[in-house]
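Please open the model in your viewer and follow the stops below in order. Each stop states what to select and what is found there.

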Amino acid sequence: SDDDMAFLYGEGIEYPDIAKKWLSLGPSLVIVTRGSKGAVAFPKGLDTQVPMPPPTTPPNTVDANGKSAAVIDTVGAGDTFMGSCIQGLMGTRAYEFCKDAPLLEQLLRGKPWDDDSLAHLRDVLERAALAAAINCSRAGCKPPSSAEVFAAGKALSLKFVNSVGSLPQLKAHEVVELNNLNLESGTLLKGRGSGKVGYSKY
């Protein structure tokens with residue numbers, strides 16, 4: 001998050017400079033959440049940024065119906081965003097887990113980012129931003145379900161909905177396969193800590 005960056009490097013830091021430094025350490029993608037300002041992604045090997053504004057007009061957020069709503073609580077918004085991102089980065093266009101997920105070509109195997117993969121990344125970020133926004137319309141950390149995010153995205157005419165087609169259903173054996181998937185060290189970098197990447201329902 002931008003707060004993490006400020007904590008680590010001080011106020012007034014430039015996101016592209018820090019992202020470039022982190023990318024040089026191994027990750028193929030750096031994503032910075034920016035609270036009410038949305039998020040921005042930095043794919044490795046490109047000079048471009050992929051910004052994603054929130055799906056609403058501050059100070060309001062949106063609810064599970066895609067309607068403007070007051071911000072009730074921001075607890076869990078960042079985790080909701082990253083949970084949705086992980087599902088998108090490690091899944092198909094329909095957000096179904098797949099060990100051959102399209103974006104793993106860029107994230108794990110070093111394939112250069114191209115127009116198709118960047119468009120896919122934008123959809124992932126847009127969906128994640130919406131999930132985080134819905135979480136903020138509720139008290140406490142209460143992330144939305146995939147069905148709620150899809151319905152709200154459809155109501156708001158967001159682009160990621162067109163790529164999904166229909167609401168994905170994750171099978172139990174796919175959850176096990178995902179939890180057993182070994183990722184190369186340093187591929188994904190988030191916040192101050194590290195941990196195993198697993199399936200998130202968000």
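Select Asp 2, which is buried, with a relative accessible area of 18%; buried means under 20% relative accessible area, exposed over 50% and partly exposed in between, with a 1.4 Å probe and protein chains only. This is a predicted model, in which local features need pLDDT of at least 70, side-chain atom pairs count only at pLDDT 80 or more, and totals for chains, interfaces and linings use all residues. Residues are numbered from 1 along each chain as its sequence is written, and side-chain values use heavy atoms, with hydrogens and water left out.

Asp 2 belongs to helix α1; helices (H or I, at least four residues) and strands (E, at least two) are DSSP runs, numbered from the N terminus. Which residues are in contact with Asp 2, leaving aside its neighbours within four places in sequence? They are Tyr 15, Val 32, Thr 33 and Arg 34, where contact means heavy atoms within 4.5 Å.

Next, select helix α2, residues 15-23, whose buried residues are Tyr 15, Ile 18, Ala 19, Trp 22 and Leu 23. Viewed down the axis of α2, these residues fall within an arc of 135°, so they line one face of the helix; the arc is that of the directions from the helix axis to the C-beta atoms. The exposed residues Asp 17 and Lys 20 are on the face turned away from the buried side. Show also α1 (2-9), β1 (29-33) and β2 (39-43), against which the buried residues of α2 pack.

Now display the open sheet of three strands, with the order β1-β2-β3 and antiparallel pairing; two strands pair if DSSP finds at least two bridges between them. β1 and β3 (50-52) stand at the edges with a single partner strand each, so one side of each has no neighbour in the sheet. Between β2 and β3 the antiparallel pairing extends over three bridges, and Ala 41 stands opposite Val 50 in β3.

Finally, select helix α5, residues 115-135, which lies across β1, β2 and β3.

How values were computed
Axes are lines fitted to C-alpha atoms, for helices over the stretch in contact, and angles run from 0 to 180 degrees between N-to-C directions.
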